[in-house]
Amino acid sequence: MSLITADNVSVSYGANTALRNVSLAIEPGEILTIVGPNGSGKTSLLRLLIGAASPSTGRITRKPGLRIGYVPQKLHIDPTLPITVERFLRLPGGIERSACAAALRRAGVPGLSNRQMSALSGGQFQRVLLARALINTPDLLLLDEATQGLDQPGSAAFYLQIEEVRRNTGCAIVMISHELHVVMAASDRVICLNGHVCCEGTPENVSAAPEYRALFGTGTGGALALYRHEHDHTHDEACAHGDAPQDSKTAAAE
Amino acid sequence: MTRAVLAGVGVALAAAPLGSFVVWRRMAYFGDATAHAAILGVALALALQISIFAGAVAIALAMALTVTVLSGRGYAMDTLLGVLAHSALAFGLVAVSFLSGIRIDLMAYLFGDILAVSRGDLAVIWGGAALVVGLIGWRWSALLTSTISAELAHASGIDPKREQLVLTLALAITVAVAIKVVGVLLIAAMLIIPAAAARPFSRTPEQMALAAAAIGGGSVLVGLQSAYALDTPAGPSIVCVAALAFLATGLFQVVRD
């Protein structure tokens, strides 16, 4: 069964609707990327998935006993709070020391245990967050703009690490990002969000979909090709968003 | 004198772990507001002839909850706290003036009267301190997780709002037991200064809370002795010693780095 199912979910804050009629399912072992411009409801959707918020209408169903590992967007630890990497990993408790070391190894940063969190570089910090998310051997890993603040090689290396994590542990991965090129290339499936689900499918399908191009333009196609070394680099004019015949084509391509 | 020392150490022990959270969560002004509101609680308790402790806890708690509810609804947090803290203090002082015959006591509530601590007071102080330390110790990991990130807390099945409530309750109790020792105007100092002084040589949150307790307790001992030797007011003397400790550890950090 699916790990999490969202059934016709809407979220509104007062008069503002952040999400409307979103339905999606996250399957075991897949890498799903959710892309969308600012204000498209990505964070609202993520908060629904981790259980930090409830939908205004619709229903979220989680597989019973589902373990979620969460890598937050950016974490600011107040400099007045002294904490070592190991102590941070062992929060909120019940974690063995050996599990910390193993998680740090899997996240690609072994040997950081005794460092202060405040002394880490941006890349190390994100990997420690990844290690923390991996420590309970989750069925599902959720990453919210996890590479913000990393440079291009840094985030490319981070996503390669994510793919390796999936290979080694078999957990499903959901990434939220606006760094389209790198993220999408590593995904099995992409959902393009803009208040509602605009289009979804394989990275190639979505990057060719007119709805996607209406939102992001065509520039990212090149970067995708750079990463994958595939020739899907085209320069179609961006079509009008929600064009009916194009819609059915995207659906068929799935 | 022994009772004064015991009372002061009791407050310092409760203030240490709580003060660490106040520092980490940047709640210093929040602590101040809660403490200032307590004078209103004192006035009400005197008028209704109930225990000062109960009155102070009730009003401090009401104040803390009001701030929590109102925050994020139009006014910036510091504006809101500025309005509530000082109006609560002003209303408290006005309310006390309506009560006949206790004007002399006012200074004792504003600045503390640690040398007049009775056996009963001592029991209340240590009972309250034990409650606060127990509460924070019980919720320690959950509190720490939600202090670092509300989202991470949610992902671990912790409700950060509930943890916030635990801190609020602990703060109200600490304020109420500390009135007798340092008075409402200096309670925030007992929370913040030892914790801030402990920061430079702590590597983990637990070390910082323990070091804050040591610095707080030490400040009480040295402060009371200097107050006795120099004939200075006891509560402010304790805070002065803590401030000097803060200065010393701050300099230590500058020299080390």
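Trainee: What percentage of the 257 residues in chain B is made up of buried residues?

Mentor: In this predicted model, buried residues make up 54% of chain B. A residue is given that label if 20 or more other C-beta atoms lie within 10 Å of its own. For chain A, buried residues come to 43% of the 254 residues.

Trainee: Why is B:Val166 called partly exposed?

Mentor: The limit for a buried residue is 20 or more C-beta neighbours within 10 Å, and the limit for an exposed one is 12 or fewer. B:Val166 has 17 such neighbours, so it falls in between and counts as partly exposed. This residue is found in helix 8 (residues 160–182) of chain B.

Trainee: Which residues are in contact with B:Val166, its neighbours within four places in sequence left aside?

Mentor: They are B:Leu135, B:Arg139 and B:Leu143. The term contact applies because the C-beta atoms of such a pair lie within 7 Å. As for B:Thr147, it stands 19 residues from B:Val166 in sequence and 12 Å away in space, C-alpha to C-alpha.

Trainee: What makes chain B agree with a compact globule?

Mentor: The test sets one radius of gyration against another. A compact globule with 257 residues would have a value near 18 Å, and chain B has 18 Å, so the two agree. Along the principal axes, the C-alpha atoms of chain B fill a box of roughly 55 × 45 × 30 Å.

Trainee: How many helices and strands does the secondary structure of chain B have?

Mentor: Chain B has 11 helices and 0 strands. Chain A, by contrast, has 10 helices and 9 strands.

Trainee: What share of the contacts in chain B with a separation of 6 or more joins residues 24 or more positions apart?

Mentor: The share is 75% in chain B. In chain A, the corresponding share is 67%.

Trainee: Which residues have the most contacts inside the largest nonpolar core?

Mentor: That core has 172 residues, and those with the most contacts inside it include A:Leu142, B:Val11 and B:Ala60. Its largest share, 14 residues, comes from helix 1 (residues 2–24) of chain B. Beyond its neighbours within four places in sequence, B:Ala60 is in contact with several residues, among them B:Thr34, B:Ala38 and B:Val175.

Trainee: Where does chain B touch chain A, and which helix gives the most?

Mentor: The contact takes 21 residues from chain B and 19 residues from chain A. On the side of chain B, the elements that give two or more residues are helix 1, helix 6 (119–148), helix 7 (150–155) and helix 10 (205–230). Helix 6 of chain B gives the most, with 5 residues. By class, this side has 10 nonpolar, 7 polar and 4 charged residues.

Trainee: Why are strand 2 and strand 4 of chain A said to stand at the edges of their sheet?

Mentor: The sheet is open, has 3 strands in the order 2-1-4, and pairs in the antiparallel sense. Strand 2 (16–26) and strand 4 (57–62) each have a single partner strand, so one side of each is left without a neighbour in the sheet. On average, neighbouring strands are turned by 20° against each other, direction ignored.

Trainee: How do you know that strand 1 and strand 2 of chain A pair?

Mentor: Two strands pair if there are at least two bridges between them. Strand 1 (residues 4–13) and strand 2 of chain A have 7 bridges, in the antiparallel sense. One bridge joins A:Val9 to A:Val22, which is in strand 2. Helix 1 (residues 42–50) of chain A lies across strand 1, strand 2 and strand 4, running at about 125° to strand 1.

Methods
Residues are numbered from 1 along each chain as its sequence is written. Chains are lettered from A and ligands numbered from 1 in the order in which they are written. This is a predicted model: local features need pLDDT of at least 70, side-chain atom pairs count only at pLDDT 80 or more; totals for chains, interfaces and linings use all residues. A nonpolar core is a set of buried Ala, Val, Leu, Ile, Met, Phe, Trp, Tyr and Cys residues joined through C-beta atoms within 7 Å. Helices (H or I, at least four residues) and strands (E, at least two) are DSSP runs, numbered from the N terminus. Two residues are in contact if their C-beta atoms, placed from the backbone, lie within 7 Å. The radius of gyration is taken over C-alpha atoms; the globule rule is 2.2 Å times the number of residues to the power 0.38. Ala, Val, Leu, Ile, Met, Phe, Trp, Tyr, Cys and Pro count as nonpolar, Asp, Glu, Lys and Arg as charged, and the others, Gly among them, as polar. Axes are lines fitted to C-alpha atoms, for helices over the stretch in contact, and angles run from 0 to 180 degrees between N-to-C directions.
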